[in-house]
Amino acid sequence: DIIPQPLLDQYLSMTDPARAQTVDTEIAKHCAYSLPGVALTLGRQNWHCLKDTYETLASDVQWKVRRTLAFSIHELAVILGDQLTAADLVPIFNGFLKDLDEVRIGVLKHLYDFLKLLHADKRREYLYQLQEFVVTDNSRNWRFRYELAEQLILILELYNPNDVYDYLRHIALTLCSDKVSEVRWISFKLVVAILQKFYANSASALGLNFINELVVRFRHCSKWVGRQAFAFICQVG
């Protein structure tokens, strides 16, 4: 009643490999790009019409197709709601986390937007996986680590102070010692945001422990770049 059945069938057939050979080699990518719009038009009650097509696209051999889906999975999660997201999108999201950097960056750029839509217990499962973003296929891909620091500043609000101390603190300290100055600069802001999180939530003991760690690691560092980092952290704070 929403979309004429022949039109929907035509859209769903775009994932057929034969179409890519005879019509357009980019047709699966076009299909992936349009999918959130089609899902919004159909509504979450008709998601079953698109579910198989989405899963087919998510496992497409072309990384550009998977990348397109990775960049829009947070939008699809809003359309589908928490229950369908947990059942049908989270497994695909997990697959994208282990994909090529070109695909992972799509997930990373909207990591906060996706995680905030999950229930707290499901969200907590990703705490340990966040540190995997520090490792990239190409170490020169510094924008990946910059994006991670930016997202973590937002993500802090989704977790309690103890989780931040146990998991996110280590990532922040690693990024503060990055070889690229742009990554270090945004990481200093992340460190200050973590400290603000502790003191805003009456976790002053965690805050004090973290400050002591910063003093030992950077203030008393034998290399000037470490001591400079400490000065910059104080400046940002």
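In which helix is the place of isoleucine 153? I found isoleucine 153 in helix 9, residues 142-155; helices here are DSSP runs of H or I with at least four residues, numbered from the N terminus.

The model is predicted, so I kept in mind that local features need pLDDT of at least 70 and side-chain atom pairs count only at pLDDT 80 or more, while totals for chains, interfaces and linings use all residues. Residues are numbered from 1 along each chain as its sequence is written, and side-chain values use heavy atoms, with hydrogens and water left out.

**Isoleucine 153.** I looked up its accessibility: at 28% relative accessibility, isoleucine 153 is partly exposed (buried is under 20% relative accessible area, exposed over 50%, partly exposed in between; 1.4 Å probe, protein chains only). Leaving out residues up to four places away in sequence, isoleucine 153 touches Ile186, Lys189, Leu190 and Ala193 (contact means heavy atoms within 4.5 Å). I also noted that isoleucine 153 and leucine 111 lie 42 residues apart in sequence and 11 Å apart in space, C-alpha to C-alpha.

**Helix 11.** I checked the span of helix 11, residues 181-200: its 20 residues reach 29 Å from first C-alpha to last, close to the expected 28 Å (1.5 Å times one less than the number of residues). Just after helix 11, serine 202 takes a positive phi of about 55°.

**Arginine 66.** I placed arginine 66 in helix 5, residues 63-97. Arginine 66 is buried, with a relative accessible area of 11%. Its contacts, not counting residues up to four places away in sequence, include Asp60, Phe96 and Asp99.

**Isoleucine 211.** I found isoleucine 211 in helix 12, residues 204-219, partly exposed at 31% relative accessible area.

Definitions and conventions
Helix = DSSP H or I, 4+ residues; strand = E, 2+ residues; numbered from the N terminus.
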